[in-house]
Amino acid sequence: MTDSDVTISMFERVGGRAAIDRLVDRFYDRMDTLPEAKTIRAMHADDLGPIRDVLKRYLTEWTGGPKLYSVEKGHPRLRQRHIGFAIGDAERDAWLLCMHGAMEETVTDTAARQELDRALSGLADWMRNRQ
């Protein structure tokens, strides 16, 4: 087997669990402080601790790391889980603003950051459920 035969997961490319934890923490820190994120911040409980943990487990698994989300929550069913929240272009854009900033701060591998950005942007766009 050669090096080119080995696939490196996004989880490994961004730096593993510690990097995912930093990414999610910076994401929610930005959501908690940016005026542009006020609307999406209001969709969350006052205590962001539990949802930080959920997103950390989800992104760990989604990027190819250990299965920390599905063993507890089952299939993600993201649209179903978010259907009670009005998510339109403005909410998607606010979410992406927080995530883009968090990625800029925490994901040092430029190619991995760009690839992750494309994937998360597609996911955020798919989550829209309002005009």
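Guide: Start with some terms. Helices (H or I, at least four residues) and strands (E, at least two) are DSSP runs, numbered from the N terminus. On a 1 Å grid over the protein atoms alone, a cavity is a set of points where a 1.4 Å probe fits but cannot get out, whereas a pocket is an open set with protein on both sides within 12 Å along at least five of seven lines; lining residues have an atom within 4 Å of a point. This is a predicted model: local features need pLDDT of at least 70, side-chain atom pairs count only at pLDDT 80 or more, and totals for chains, interfaces and linings use all residues. Residues are numbered from 1 along each chain as its sequence is written, and side-chain values use heavy atoms, with hydrogens and water left out.

Visitor: Why roll a probe at all?

Guide: Rolling a probe the size of a water molecule over the atoms shows where empty space is left.

Visitor: OK. Which helix gives the most to the lining of the largest pocket?

Guide: That is α4, with 6 residues. At least two residues each come from α2 (16–33), α4 (49–62), α6 (78–82), α7 (89–106) and α8 (110–126).

Visitor: What volume does the largest pocket have?

Guide: About 740 Å³. Here grid points are joined across faces, edges and corners, and a volume is the space filled by probe spheres set on the points.

Visitor: And how many residues line the largest pocket?

Guide: The lining has 30 residues, and Tyr-28, His-44, Ile-51, His-82 and Trp-95 lie nearest the centre of the pocket. The lining divides into 23 nonpolar, 2 polar and 5 charged residues. In this count Ala, Val, Leu, Ile, Met, Phe, Trp, Tyr, Cys and Pro are nonpolar, Asp, Glu, Lys and Arg are charged, and the others, Gly among them, are polar.

Visitor: Back to α4. How many residues does α4 have?

Guide: α4 has 14 residues and reaches 20 Å from its first C-alpha to its last, close to the 20 Å expected at 1.5 Å a residue. The expected span is 1.5 Å times one less than the number of residues. Just after α4, Gly-64 takes a positive phi of about 105 degrees.

Visitor: Which residues in α4 are buried?

Guide: They are Arg-52, Val-54, Leu-55, Lys-56, Arg-57, Tyr-58, Leu-59, Thr-60 and Glu-61. Buried means under 20% relative accessible area, exposed over 50%, and partly exposed in between (1.4 Å probe, protein chains only). Tyr-58 counts as buried because its relative accessibility is 10%.

Visitor: What does Arg-52 touch?

Guide: Not counting residues up to four places away in sequence, Arg-52 touches Val-24, Asp-25, Tyr-28 and Asp-29, where contact means heavy atoms within 4.5 Å. A polar atom of the Arg-52 side chain lies 3.1 Å from the backbone oxygen of Asp-25. Arg-52 has a relative accessible area of 16%, so Arg-52 is buried.

Visitor: Is Arg-30 buried or exposed?

Guide: Buried, because its relative accessible area is 18%.

Visitor: And Arg-13, which helix is that in?

Guide: Arg-13 lies in α1 (residues 10–14). Arg-13 is partly exposed because its relative accessible area is 27%. A polar contact of 2.8 Å joins the side chains of Arg-13 and Glu-115. Arg-13 and Ala-111 are 98 residues apart in sequence and 9.3 Å apart in space, C-alpha to C-alpha.

Visitor: Last one: what covers the buried residues of α7?

Guide: The cover includes α2, α3, α4 and α8. Among the buried residues of α7 are Glu-91, Arg-92 and Ala-94. α7 has 18 residues and reaches 25 Å from its first C-alpha to its last, close to the 26 Å expected at 1.5 Å a residue.

Terms used:
A polar contact is a pair of N or O atoms within 3.5 Å; within protein, one must be able to donate a hydrogen and the other to accept it, and residues adjacent in sequence count only if both atoms are side-chain atoms.
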